[in-house]
Amino acid sequence: MLATRIELSSHMADARINPAMLTWARERSGIDGPILADKLGTPVARVAAWEAGERKPTFKQAKRIAEITHIPLGYLYLPAPPDEPLPLADFRTVADAPLKPLSPEFRDALNDVLRKQSWYREYRRLQRESPLPFIGRFGIRDSVAAIASDIKRVLAIGPADLTQSANWESYLRLLIERMEAVGVLVMRTGIVGNNTHRPLSVDEFRGFAIADDDAPVVFLNGKDAKAAQIFTLIHEAAHLWVGVSSVSNERLSAKQTSNVDVERFCNAVAAEFLVPEEAFRSRWTSHTEFTGQVRQIARELKVSNVVAARRAAELGLASRQEFDDFYLAERDRWAAMARKRAAGGNYYETSATRNSKRLTRAVLETALEGRMLLRDAGQLLGVNPSSLEKLAGSVYGEG
């Protein structure tokens with residue numbers, strides 16, 4: 001009975017939080033006062049009073065605020081917001097509008113990736129593997145064509161890969177497999193961990209790259225239209241080749257072209273890799289209808305329709321207006337397809353895609369050989385330890 005009274009007392013007692021930190025936490029999480037009040041089941045005026053320092057939430061309410069805004073409870077008691085440096089260059093752009101701070105979802109996803117990357121870097125060093133020579137091999141003053149050519153050479157991508165890929169989606173899978181084969185961890189997911197209630201925003205970022213010569217990472221936002229992911233993949237690969245870690249939100253719309261030198265350069269490398277100027281010009285005829293021609297070239301080169309259309313505009317073979325009209329129509333088509341797309345899929349295949357198959361194999365190998373606790377392996381991969389054997393069967397094609 002005494003313990004119960006103490007617990008109830010602690011829940012009812014005022015939490016002497018810093019009102020400014022409550023405002024910071026709310027704004028950092030991207031929610032307004034009414035939304036926070038609704039999630040807490042309390043009047044909006046009460047939340048406003050907390051932020052003004054006129055009242056204090058209970059300890060239980062403070063804990064709930066921390067959960068909603070995805071911060072440690074202790075942050076609400078700090079005298080000032082903590083320094084949260086981003087370990088990547090932020091090259092996101094939205095025309096001329098100021099960028100919003102990166103969301104808790106992005107930061108938590110990034111921290112999860114960094115934790116896995118740190119483990120893999122140590123794993124490679126224990127295996128006495130050499131640093132990867134292509135990371136930072138070039139700079140942004142080098143030739144776009146030379147870098148695109150070198151990426152193709154390292155990945156062993158040739159004309160036959162285009163003809164043998166049934167469509168651009170199979171070509172994307174091939175590119176990811178080749179990147180992982182040379183040592184790049186490619187991670188692709190649209191949520192934080194396994195939490196489907198914490199989606200990653202495509203408006204916030206498309207992908208990021210960590211240019212580490214022992215454990216390089218390319219992360220693709222799985223919420224993005226699949227037609228856009230192949231461009232992001234090669235864009236981020238270009239970041240690895242020039243040795244610049246970054247977070248990007250490059251859109252395929254011409255109106256969103258970045259004003260950052262590194263981003264423009266990596267865009268150019270991706271365009272030359274996916275849609276080489278010579279190959280594109282040889283297929284283009286000025287008297288043919290724009291939309292039909294774009295779709296035909298996109299099918300032949302295994303890229304999305306928008307990438308092909310943008311290349312036509314970049315090379316001066318079509319007007320910006322033609323591209324803009326085409327982009328808007330494709331965007332509406334993507335949205336309609338996304339609404340029809342069925343949820344689900346193979347759990348183990350999804351796990352390996354989210355974590356990178358290369359990383360997954362390394363963790364499974366270490367755990368199943370007894371050099372790592374199954375509990376720790378499951379925690380690193382975000383799966384139940386009892387599921388590791390089934391995951392191994394999926395990854396190695398044994399089940």
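1. In what follows, Ala, Val, Leu, Ile, Met, Phe, Trp, Tyr, Cys and Pro count as nonpolar, Asp, Glu, Lys and Arg as charged, and the others, Gly among them, as polar. This is a predicted model, in which local features need pLDDT of at least 70 and side-chain atom pairs count only at pLDDT 80 or more, while totals for chains, interfaces and linings use all residues. Residues are numbered from 1 along each chain as its sequence is written, and side-chain values use heavy atoms, with hydrogens and water left out.

2. The lining of the largest cavity divides into 6 nonpolar, 2 polar and 3 charged residues, and the space inside this cavity is about 60 Å³. A cavity is a set of points on a 1 Å grid over the protein atoms alone where a 1.4 Å probe fits but cannot get out, and lining residues have an atom within 4 Å of a point; the volume is the space filled by probe spheres set on the points, which are joined across faces, edges and corners. In the whole structure, 4 cavities of 30 Å³ or more are found.

3. Helix 6 (104-126) gives the largest share of that lining, 4 residues, and strand 2 (185-189) and strand 3 (191-192) each supply at least two. Helices (H or I, at least four residues) and strands (E, at least two) are DSSP runs, numbered from the N terminus. Among the lining residues are also Phe-219 and Arg-354.

4. Helix 16 (residues 347-355) packs against helix 17 (residues 357-368) at an angle of about 105°, with the axes 6 Å apart; axes are lines fitted to C-alpha atoms, for helices over the stretch in contact, and angles run from 0 to 180 degrees between N-to-C directions. The two helices are therefore roughly perpendicular to each other (65 to 115 degrees).

How values were computed:
Parallel < 35°, antiparallel > 145°, perpendicular 65-115°, else oblique. 1 Å grid on protein atoms, 1.4 Å probe; cavity = no way out; pocket = protein on both sides within 12 Å on 5 of 7 lines; lining within 4 Å.
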